[in-house]
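Please keep the sequence and the structure in view while I speak.

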Amino acid sequence: MSDEENLVDPSHPRYHSLMIRKKVAAAGEKGMLADSAMIAHGRGEAFDYLIGEQTIPSALAATKEVAARLLRARKPVLSLNGNAIALASQEFLTIASQLNCPIEINIFYRTPERMGALLAHLKLMNTKLGLDVEILGGVPDARIPGLEGPRGACQSSGIFEADTVLVPLEDGDRCEALVGMGKEVLVIDLNPLSRSSKRGTVTVVDEVTRFAKNLIQIIPERPPATEWNNIQGLQSALNHITETMANKFV
Ligand code: ATP
């Protein structure tokens, strides 16, 4: 454990949240994240506070649906941005290995330095875990239609040809563009009102680390896919927030 981690008292009521924040800060210092990464994280943290920093029942149901759809997919891909890699690289490598599918690094603000740092981090973790997960994204050779500039870049053997894409913490435009390509888009986002949440095929309103740990447990159970109603799932998450907030001080 680093000196910084030692400074957080494990008995602090929000210890886990503070430790997650530190992971984002540490990844930023290593050059893995854009300057806006902590702002995006903060928005998620605020929703997690309202949700109670726990996996709520509708999120667990959505996680089972995600497992089912990843398992039945012909060509699934895990599309990871900087924050997802900073927070849960170990878990996502394990999931990719369980599904025998690639991970593609897909970042909004693409620079060679950031891509290099993220690729190096994932490759190091791959080796440390003794896994052989294919890591894509370093040499984009295709484009997501409708997205201008570097954020539309992707790899033909990965996101471009995939039928099912898992997108933790995705930007709304890109989520919509992937849905427009006819893919099943599985979103992880603590904000049930974000554009990604509303546009995804299945949305899990949960913190990405908790989601990834749950998914690792659920994949071996091989749950069946259902007729998923995503709006109903989002409404359940919103109801959880409003119901736990109502009459809080009376
Ligand atoms: P959209 O474009 O979909 O409306 P946005 O512009 O608000 O979303 P971004 O800033 O692109 O979103 O991405 C951050 C999103 O990721 C936010 O919706 C936030 O709630 C969510 N988020 C941030 N950290 C986490 C986390 N650790 N786990 C799950 N979701 C998170």
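I begin with a definition: buried means under 20% relative accessible area, exposed means over 50%, and partly exposed lies in between, with a 1.4 Å probe and protein chains only. Helices (H or I, at least four residues) and strands (E, at least two) are DSSP runs, numbered from the N terminus. The model is a predicted one, in which local features need pLDDT of at least 70 and side-chain atom pairs count only at pLDDT 80 or more, while totals for chains, interfaces and linings use all residues. Residues are numbered from 1 along each chain as its sequence is written, and side-chain values use heavy atoms, with hydrogens and water left out.

Let us turn to helix 11. Which of its residues are buried? They are N230, G233, L234, A237, H240 and I241. These residues lie on the same side of helix 11, because they cover an arc of only 110 degrees around the axis; the arc is that of the directions from the helix axis to the C-beta atoms. As a general point, an α-helix has 3.6 residues a turn, so residues three or four places apart point the same way. On the other side of helix 11, I231, Q232 and E243 are exposed.

What covers the buried residues? The cover includes helix 3 (37-51), helix 4 (57-72), helix 9 (195-199) and strand 8 (202-204), where contact means heavy atoms within 4.5 Å.

At the start of helix 11, a side-chain oxygen of N229 comes to within 3.2 Å of the backbone nitrogen of I231. Such a polar contact is a pair of N or O atoms within 3.5 Å; within protein, one must be able to donate a hydrogen and the other to accept it, and residues adjacent in sequence count only if both atoms are side-chain atoms. After helix 11 comes N247, with a positive phi near 55 degrees.

I now move to the ligand. It is surrounded by 18 residues, and the closest are G172, D189, R195, S196 and E207; a residue counts here if one of its heavy atoms lies within 4 Å. A polar side-chain atom lies 2.8 Å from an oxygen atom of the ligand in D189, in R195 and in S196. The protein covers 87% of the 630 Å² of accessible area that the ligand has on its own, by the Shrake-Rupley method with a 1.4 Å probe.

Helix 3, part of the cover of helix 11, also gives the most to the shell around the ligand, with four residues.
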